[in-house]
Amino acid sequence: MPKYPLALQQLISSLKMLPGVGSKTAERFAFHLLTWPNEMLEKLGEHVTSVKEKIGTCPQCHCLKDQAACDFCDNSRRNSSLLCIISSPKDAYAIEETHVYNGLYHVLGGLLSPLDGRTLQELNLPHLLKRIATLQIREVIVALDSTLEGDATALYLKEQLSKLDIPVSRLALGLPMGSPLEYVDGGTLSRALTGRHIY
Ligand SMILES: [Zn+2]
């Protein structure tokens, strides 16, 4: 990095921590921010510092929520007999955008990856099984990334859920191999949802 004033260097270093932002882009962002009026900078700073305080995690589905109710769990218009298993809270929003799914969600909070030290405990299977029983779920849809970790986790879930005698389906149709769900376009995702197959 050129010898920028210290505060600018610090800002660039922080921006570079964002995914997909390299040195050149971080420098461009930082110089752009210098042209913003103070009140816009203050607003950005305030949004960054307060975002985690203002957002909670639903203790049931582990999706993100505002202060009180969960938009997904506390919503009588949703089909509470369908449960879609996803790996990150962000995936729920990608699925909502397709407008073809109206059931509940369950965020695993990660995928099985023994190499990275992510093991079965982190999937918290007992909590998932309890939800399926309590909510009297009639179909489970496994909507995980089409990657090695996603496949390993889906296989494990299939084994565990097959004991429950409810259909378990997985998104497959048209999902590009090796792609995290968040990078799949809406059209492909909606076809994958409507064309899901029981396995
Ligand atoms: Zn919830």
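Thr25 is found in helix H2, which covers residues 23–33. The model described here is a predicted one. Thr25 and Leu15 are ten residues apart along the chain, and their C-alpha atoms are separated by 8.7 Å.

**The largest pocket**

Leu15 also belongs to the lining of the largest pocket. About 340 Å³ of space lies in this pocket. Two elements give two or more residues to its lining: helix H1 (6–15) and H3. The largest share, five residues, comes from H3. Among the lining residues are Leu11, Ser14, Met17, Leu18, Leu33 and Leu34, together with Leu41, Leu44, Gly45, Val48 and Thr49.

**Helix H3**

Helix H3 runs over residues 38–54 and has 17 residues. At 1.5 Å a residue, H3 should span 24 Å; the C-alpha atoms at its ends are 23 Å apart, which agrees. H3 has a kink of about 30°, centred on Val48. Val48 is also one of the residues lining the largest pocket.

**The zinc site**

Which residues coordinate the zinc ion? The donors are the SG atoms of Cys58, Cys61, Cys70 and Cys73, at 2.3 Å. The angles among the four donor atoms are 105 to 114°, and the site is tetrahedral. Along the sequence, the donor residues follow the spacing C-x2-C-x8-C-x2-C. Cys70 has a relative accessibility of 2% and therefore counts as buried. Cys73, at 24%, counts as partly exposed.

Most residues other than glycine have a negative phi. His62 has a positive value, near 65°, and Gln136 also has a positive value, near 50°. His62 lies in the loop between strand E1 (56–57) and strand E2 (64–65). Gln136 lies in the loop between helix H6 (125–134) and strand E5 (139–142).

**Accessibility of the residues discussed**

The table lists relative accessibility for residues named above.

| Residue | Relative accessibility | Class |
|---|---|---|
| Cys70 | 2% | buried |
| Cys73 | 24% | partly exposed |
| His62 | 24% | partly exposed |
| Gln136 | 62% | exposed |

Is Gln136 buried or exposed? Gln136 has a relative accessible area of 62%, so it is exposed, the cut-off for that class being over 50%. His62, with 24%, is partly exposed.

How values were computed. Residues numbered from 1 in each chain as written. Predicted model: local features only at pLDDT ≥ 70, side-chain atom pairs only at ≥ 80, totals over all residues. Heavy atoms only, no water. Helix = DSSP H or I, 4+ residues; strand = E, 2+ residues; numbered from the N terminus. Expected span 1.5 Å × (residues − 1). Bend = angle between axes of the 7 residues up to and from the residue. Donors = N, O, S within 2.8 Å, 3.2 Å for Na, K, Ca; no water. Tetrahedral: all angles 85-135°; square planar, octahedral: opposite > 155°, others 65-115°. Buried < 20%, exposed > 50% of the residue type's maximum accessible area, 1.4 Å probe, protein only. 1 Å grid on protein atoms, 1.4 Å probe; cavity = no way out; pocket = protein on both sides within 12 Å on 5 of 7 lines; lining within 4 Å. Points joined across faces, edges and corners; volume = space filled by probe spheres on them.
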